[in-house]
Amino acid sequence: MSQNNELWREETISTEPIFEGKMITLQVDTVAMPDGRTATREIVKHPGAAAVMALLDGKLLVVEQFRKPLEKFQIEIPAGKLDAGEDPLVAAGRELEEETGYRADDLKLVSAFFTSPGFADEKLYLYFAENVTIGTQQTDEDEYLQVEAITLEQAESYIAEGRISDAKTILAVYAWKLYQLTGTI
C-alpha cells in the first residue's frame, strides 16, 4: 500500500443532519474529493457497542431474538449499545447480565472493530468471559429473547443454516474455536 494515503483524504465541506433517533443519527456530508470534485456521503453515527462471548460449562451463551431489519429470528451473542461516555467493558458486563441473567467478574477484550465502515462509525468491542455466575436477567421493555447455551458444533451448524449470520457472533464462534484448539484468546 502507498505510504502517502493523505493524497486520497476527503475533506468535509458541509454536514446536513437528516435523522436523530434513540440508537443512531443519519447525516449527509458533502466532501471535497482529491481531484477537486465534490461528492456526498450518507453516514450513520452510532455510539458504539459491546458484546460478550461468554462460556457456561464449556458452552457459548447466546440469545435468539427477532431482528426486524432481516425479518427473521437470529441467534447472537449478548450485545448492546454503549451509553453516552460508558466504558465498553462496563457495557459488556451490563449487557451480558441484562440479556442472559449471567454475570462475569473477569472480561477480557478479544477485539474492537468497525462493523460497516463504508457508511457507519459504529465500533464494537468484543469481550470474552469464561467463568460466569448467576445474575439477574433484566431485558429492555421492548426486548423479547430466549437464552441458550450451545456447543461449538451447534454454533457451526447455526452458521451454516443462517441462524447465526451477524459478524460479531461469527467472529466470536471462530475465536471460540481457536480458543479450544490453542487455549488462548
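**Figure 1. Domain 1 (5-45) and domain 2 (49-182), as given by the domain assignment of the protein chain.** The model shown is predicted. The C-alpha centres of the two domains, domain 1 and domain 2, are 31 Å apart. Their contact is made by 6 residues from domain 1 and 5 residues from domain 2. Between domain 1 and domain 2 an area of about 420 Å² is buried, and carbon and sulfur atoms give 49% of this area.

Figure 2. The side where domain 1 touches domain 2 holds 3 nonpolar and 3 charged residues, and no polar ones. Asp-121 and Lys-45 form a salt bridge through their side chains, with an N to O distance of 3.2 Å.

**Figure 3. The salt bridge between Arg-163 and Glu-64.** The closest N and O atoms of Arg-163 and Glu-64 are 3.3 Å apart. Arg-163 belongs to the loop between helix H2 (152-161) and helix H3 (167-182), whereas Glu-64 belongs to strand S5 (residues 59-67), so the pair ties together parts that are 99 residues apart in sequence. Arg-163 has a relative accessible area of 29% and is partly exposed. Glu-64, at 21% relative accessibility, is also partly exposed, because buried means under 20%.

**Figure 4. The salt bridge between Asp-83 and Arg-94.** Here the closest N and O atoms lie 3.9 Å apart, a distance that counts because the cut-off for a salt bridge is within 4 Å. Asp-83 sits in the loop between strand S7 (79-81) and helix H1 (88-100), and Arg-94 sits in helix H1, so the pair ties together parts that are 11 residues apart in sequence. Asp-83 is partly exposed, at 40% relative accessible area. Arg-94 is partly exposed at 22% relative accessibility. Salt bridges with shared partners join Asp-83 and Arg-94 with Glu-86, Glu-95 and Glu-98 in one network.

**Figure 5. The salt bridge between Lys-168 and Asp-166.** The closest N and O atoms of Lys-168 and Asp-166 are 2.7 Å apart. Both Lys-168 and Asp-166 are buried. The count for the model comes to 14 salt bridges, including this pair of Lys-168 and Asp-166.

Methods: Residues numbered from 1 in each chain as written. Predicted model: local features only at pLDDT ≥ 70, side-chain atom pairs only at ≥ 80, totals over all residues. Heavy atoms only, no water. Helix = DSSP H or I, 4+ residues; strand = E, 2+ residues; numbered from the N terminus. Buried < 20%, exposed > 50% of the residue type's maximum accessible area, 1.4 Å probe, protein only. Domains from an automatic or database assignment. Contact = heavy atoms within 4.5 Å. Buried area = accessible area lost by both parts, 1.4 Å probe. Nonpolar A, V, L, I, M, F, W, Y, C, P; charged D, E, K, R; others polar.
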